[in-house]
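Here's a quick tour of a multi-chain model, written for someone who likes to check the geometry and the confidence scores. Have a look at the structure first, then read on.

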Amino acid sequence: MAVILDLVVQNAQMLLVLLLAPLLTGFVRKAKARLQRRRGPSLLQPYRDLLRLSRKETVLAEESSWLFRVIPYLIFAATWVAASLVPTFAAGLMFNWSADLIAIIALLGSARFFLALAGMDVGTSFGGLGSSREMMIATLAEPATIMIVFTLALLAGSTQLSQVAAFMLSPAVGLRVSLGLALVALVMVAIAENGRIPIDNPATHLELTMVHEAMLLEYSGRHLAVIELAASLKLLLYLSLIACVFLPWGQAQPGAGPAAQLAGVGAYIGKLAVGGLFLAWFETSIAKMRVFRVSDFLGAALMLGLLGTLLLFVSRSL
Amino acid sequence: MGHLEFDVAHLFAGGLVLVSFMLLYQDRLYALLNVFALQAVVLALSVSWQAYVQGAPHLYVTAAIALFFKAIIVPMALHRIIARLGVHREVENVVSTGPTMLAGMGLVALSMVVMLRVTSAAVPLAREDLAFALSVVLLGLLMMVTRNNAVSQIVGFMSLENGLILAATGAKGMPLVVEISVAFSVLIAFIVIGTLLFRIRERFDTIDAEALDRFRGGRR
Amino acid sequence: MSAWFGLAWVCVLMAVAVFALLNGRAQNSSAAVYGACFLISFVGLLAALIHLISGAPESEIVLPLGLPWIGAHFRVDALTAFFLAVVNLGGAAACLYAIGYARHEAEPQRSTPFVPAFLAGMNLVVLAGDAFSFLFAWEFMSLSSWALVMAHHREEGVARAGYVYIVMASFGTLALLLAFGLLAGPQGDYAFAAIRAHQASPLRAGFILALALAGAGSKAGLVPLHVWLPLAHPAAPSHVSALMSGVMTKVAVYGFIRIVFDLLGPPQWWQGLPILAIGGGSAVLGVLYAMMQTDLKRVLAYSTIENIGLIFVGLGLALAFEANGFRTAAALALTAALFHVLNHAFFKSLLFFGAGAVLVATGEREMDRLGGLIRRMPVTSFVFLIGCMAISALPPLNGFASEWLAFQAILLSPQLPQWGLKLLVPAVGALLALSAALAAACFVRVYGIVFLGRPRFAAAKGAEEVDQWSLAAMASLAALCVIAGVLPGLVIDGLAPVAQALVGARMPAQASLPWLSIAPIAESRSSYNGLLVFAFIAMSASLAAYVIHRFASRALRRAPAWDCGYPDASPLTQYSAEGFAQPIRRVFGTFVFRASERIDMPAPGETRPARIDVTLHDLAWELIYAPIALAVSFVAERLNRIQYLTIRIYLSLVFFSLVFLLLALAVWP
């Protein structure tokens with residue numbers, strides 16, 4: 001019985017992230033528009049976009065290979081698996097032990113690897129430009145994330161996300177500088193990884209500044225729909241990750257009844273809304289950086305992560 | 001000492017180190033001054049928390065001095081100096097941000113190890129405080145070494161002094177007189193340097209400290 | 001498996017080498033030789049695996065060869081069996097690949113005889129049970145591989161590669177010779193069993209460690225002793241490159257493990273420090289160098305340096321843990337290192353085979369002249385993609401599994417009491433993470449430039465898929481990459497006897513864990529399940545594909561790529577290998593390579609093209625090797641005079657040195 005319930009929760013969680021992801025994207029857009037005193041598109045617009053794209057004819061470049069057609073699904077699968085392994089409304093998911101934080105980061109790395117390959121497949125200079133910049137950003141963002149993972153793992157004694165969340169709920173946490181450093185670094189990484197301002201502008205198609213969009217330039221129709229959905233999932237994943245680690249309150253504990261699960265869903269949506277508002281506010285209040293300033297930004301994230309880890313390594317003896 | 005007291009003190013002292021890193025990262029003069037003011041605020045918080053924990057009311061005075069002079073007077077004065085001088089608002093670094101931050105990391109690690117090893121007899125709070133304070137001092141020095149611009153050198157100098165105050169409060173028992181005189185000597189140093197800035201600027205049309213070297217030119 | 005068996009098949013390999021030497025010019029002799037080598041290596045692989053898994057006892061034999069008062073010892077224990085498996089696996093794959101590949105060689109007799117000899121030499125190093133046989137086999141391995149490097153001696157740069165290689169190889173052997181001399185002590189016990197019996201003093205242990213690091217490290221390619229590697233590995237024929245990069249570097253790792261973990265006795269904590277620092281530095285520098293190269297095989301050679309760095313980080317951690325008595329943690333770190341040894345043998349051989357296939361199909365190694373091969377060489381490009389994913393440490397492939405174990409080992413290290421380690425280990429962890437991310441960038445670049453996009457020149461346009469043998473070799477290695485990644489528990493359990501023998505503990509048995517996940521120390525700490533991740537990805541990808549195909553529009557149209565309004569863009573407008581690396585060069589290059597860019601922009605009205613020139617400095621070469629070379633030539637010039645003396649003076653020189661030595665003996669206390 002317990003197994004069935006676990007399975008239900010796990011599947012509900014996979015569906016929930018899939019359904020919520022476009023809504024979150026729409027919400028961030030809407031909030032940004034309101035902050036800029038525009039009306040903005042409806043909250044449901046991303047769903048409509050996805051439907052519209054999936055109904056359209058797909059135009060493939062003549063030079064594209066089979067890899068180009070497979071990649072959207074691979075990106076989507078890797079991102080979805082990663083997103084469904086982050087506890088959202090309920091802690092202690094059934095398959096949580098199959099991948100820890102390091103594996104989740106690496107799964108996102110796989111998605112990025114394929115996206116960069118897709119950018120190079122058609123053989124236009126834009127694709128190469130996007131891929132090359134994306135990989136440069138990744139070379140700094142990924143170690144920064146690993147350092148954050150180290151910080152959390154050293155505190156919680158495990159890289160397993162559910163255990164980290166459980167530790168964060170326990171009174172043993174206390175106020176720690178390392179945690180603050182990790183939070184700041186994680187927010188910086190999340191901004192960079194999702195291609196938000198000031199690293200990249202998700203709304204731009206201005207040629208010289210694109211990173212993410214440049215790699216997708218040749219995608220259309222259903223392929224583009226799948227990739228867009230994966231991008232929304234990734235944003236949701238990072239917000240869930242931050243919520244799960246730094247705001248674990250309100251999650252349904254393992255074996256809790258349906259009421260607690262529903263309350264967990266409510267709390268989760270509330271956290272996402274707060275995160276989305278913060279993101280919209282941050283994006284509105286800052287200007288985009290030059291590409292070569294990105295390395296300073298992410299280098300700072302890396303340093304913060306490293307500093308957090310180092311403090312833990314050193315002050316463990318106290 | 002309770003868990004919470006230690007945690008809060010740890011948080012403030014660590015925050016001071018973090019703000020020092022923000023100082024290193026900043027490359028715009030006005031933002032630099034704001035961050036410096038923030039550092040002073042964090043310092044004031046940290047010192048007053050120590051005053052509360054140690055039950056030493058004279059530390060409140062120290063905190064007030066820090067808050068008043070360093071968070072308000074000095075940044076405002078520097079703002080005015082920058083505005084009056086009309087200097088470039090971007091700082092030119094001798095060493096770029098990445099390696100500077102890396103060096104900063106190394107310095108923090110170094111001061112942690114040195115302090116924690118040397119002070120193994122003291123209470124944990126004082127040990128951590130001293131370690132963080134040494135990091136702040138070293139980061140301030142690093143900032144002075146890696147920046148050309150005289151304004152940011154001043155900021156580096158003042159943040160170094162913040163580290164000294166943190167050390168002094170952590171160590172328990174620095175008399176108020178010493179504290180006040182240190183504060184005033186720093187203030188006087190600030191005034192002297194400020195005046196000097198105007199003189200440099202009058203002579204060389206820049207406040208880039210390298211210009212002084214160029215002036216020395218042939219004697220090398 | 002007994003040591004007799006091991007020796008027997010070394011002898012068979014040597015016989016094959018002699019056969020190849022005699023029949024060098026005969027038709028099809030090279031295919032026969034490689035076929036025979038494949039069979040022999042395959043049997044050797046099976047025997048080694050059976051020994052490892054069955055937990056057979058150690059076996060040792062002494063032959064009346066070599067130094068008369070020692071004899072030649074050969075022994076097989078768990079460590080030997082593991083490395084025999086790696087050597088013979090790489091050997092079998094390379095020979096299978098070469099059955100077809102060697103047909104494309106203009107002069108196969110230049111390389112064919114040396115391949116079995118090289119394989120025999122590597123087997124012999126691993127089997128050796130005393131210092132003399134070890135050094136003999138080591139030198140034999142170096143010389144036969146040198147002959148293979150020189151196989152294409154008329155090509156540009158090969159002669160220099162061979163020269164640098166032989167100088168560095170001699171240096172390495174010299175260092176190892178001195179290391180064994182110190183290990184043997186004044187009693188002159190050169191058999192490993194005798195060396196193990198007595199303890200070296202801390203000072204002497206430090207010297208031995210430094211010498212082993214120099215000797216084995218130079219063969220393995222640790223920075224700054226790596227300079228020969230990116231010259232020599234690419235110069236050889238591709239299957240030999242695979243052997244040198246995928247296997248010979250592992251033999252060097254074996255030598256290091258044998259000396260430091262086995263013969264040196266209980267470790268001191270500080271011994272981990274230099275290994276960790278050099279390993280971490282090699283990992284990042286190796287992959288940064290790789291990122292700057294435009295020659296396909298050279299990229300792969302530099303990436304070997306990175307992987308060797310990762311392996312040494314694992315070894316350094318294992319030493320540090322063992323010295324402090326954390327035996328399970330030491331077993332974890334050592335297992336991570338050995339797992340990566342195996343993984344690197346898989347994917348680096350695979351990638352070098354792929355590079356060889358590209359070379360055969362197009363005649364090009366320069367990445368900027370290739371492109372679009374995914375359409376011309378579908379199978380090669382598919383297996384090469386798997387290799388790229390594995391080496392970039394992407395789940396669920398094998399590279400990630402070993403990297404994950406290494407990270408878990410790092411996370412255990414705050415319990416180490418020494419301050420130096422506390423500071424160094426997190427920094428090394430950051431370096432590992434950085435090198436993994438850089439490796440992903442590097443192999444996106446390799447794959448994207450060589451296999452994707454449009455063909456840049458005619459050579460790439462007319463490429464044809466290579467022969468079946470080569471494809472079979474690559475496909476089986478790719479399958480191994482997937483299997484080791486999906487079922488890492490099996491590999492870890494297989495490595496358990498080695499860890500048990502070396503550090504006296506093993507990782508928990510993995511096969512018994514539910515769902516075949518792996519757990520480093522205890523399951524509550526963390527776990528990873530390659531199989532489930534693989535199944536999840538496969539399931540969600542097919543689910544997504546099914547839903548899309550069922551419900552979305554299936555209309556598909558081919559059209560020209562978007563050209564931004566400038567039609568007929570030449571394939572040369574694609575991103576080049578150098579262009580792709582530019583952002584990373586800007587971020588890291590000024591620091592590491594003292595990179596400088598100079599833009600030569602013609603004045604308005606001029607018709608010549610604008611140019612950008614990039615200068616990179618290889619600091620290891622400029623700061624270490626160039627001064628040494630200068631010093632050597634300075635001394636040589638001074639000593640030149642000695643060449644022009646009369647015979648009487650030469651005789652008197654000999655006489656005086658003899659008298660001097662006798663005197664020294666006379667006054668020696």
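C:Pro224 sits in the loop between helix H8 (202-220) and helix H9 (229-235) of chain C. The peptide bond joining C:Val223 to C:Pro224 is cis, with omega about 5°. Helices here are DSSP runs of H or I with at least four residues, strands are E runs with at least two, and both are numbered from the N terminus.

This is a predicted model, in which local features need pLDDT of at least 70 and side-chain atom pairs count only at pLDDT 80 or more, while totals for chains, interfaces and linings use all residues. As for labels, residues are numbered from 1 along each chain as its sequence is written, and chains are lettered from A and ligands numbered from 1 in the order in which they are written.

Chain A has a cis peptide bond as well, between A:Ile197 and A:Pro198, with omega about 10°. A:Pro198 belongs to the loop between helix H7 (177-193) and helix H8 (212-215) of chain A. Another backbone spot to check is C:Ala393, which has a positive phi of about 60° despite not being a glycine. You'll find C:Ala393 in the loop between H15 and H16 of chain C.

Now for confidence. The model scores ipTM 0.95 and pTM 0.92.

How do helix H1 (residues 3-22) and helix H2 (residues 29-54) of chain C cross? Their axes come within 10 Å and cross at roughly 175°. Axes are lines fitted to C-alpha atoms, for helices over the stretch in contact, with angles from 0 to 180 degrees between N-to-C directions. H1(C) and H2(C) are therefore roughly antiparallel (under 35 degrees is roughly parallel, over 145 roughly antiparallel, 65 to 115 roughly perpendicular, and the rest oblique). Among the residues meeting there are C:Phe5, C:Trp9 and C:Phe19 from H1(C), and C:Val33, C:Ile40 and C:Gly44 from H2(C). The residues of this H1(C)–H2(C) contact comprise 13 nonpolar, two polar and no charged. Nonpolar covers Ala, Val, Leu, Ile, Met, Phe, Trp, Tyr, Cys and Pro, charged means Asp, Glu, Lys and Arg, and the others, Gly among them, are polar.

Finally, the contact between chains C and A takes 66 residues from chain C and 73 residues from chain A, where contact means C-beta atoms, placed from the backbone, within 7 Å. On the side of chain C that touches chain A, H17(C) gives the most, with 13 residues. That side of chain C has 43 nonpolar, 16 polar and seven charged residues. Strand E1 (residues 58-61) of chain A also pairs with E3(C) in the parallel sense, over four bridges (pairing needs at least two DSSP bridges). A:Ala61 stands opposite C:Ala559 in E3(C).

Methods
Contact = placed C-beta atoms within 7 Å.
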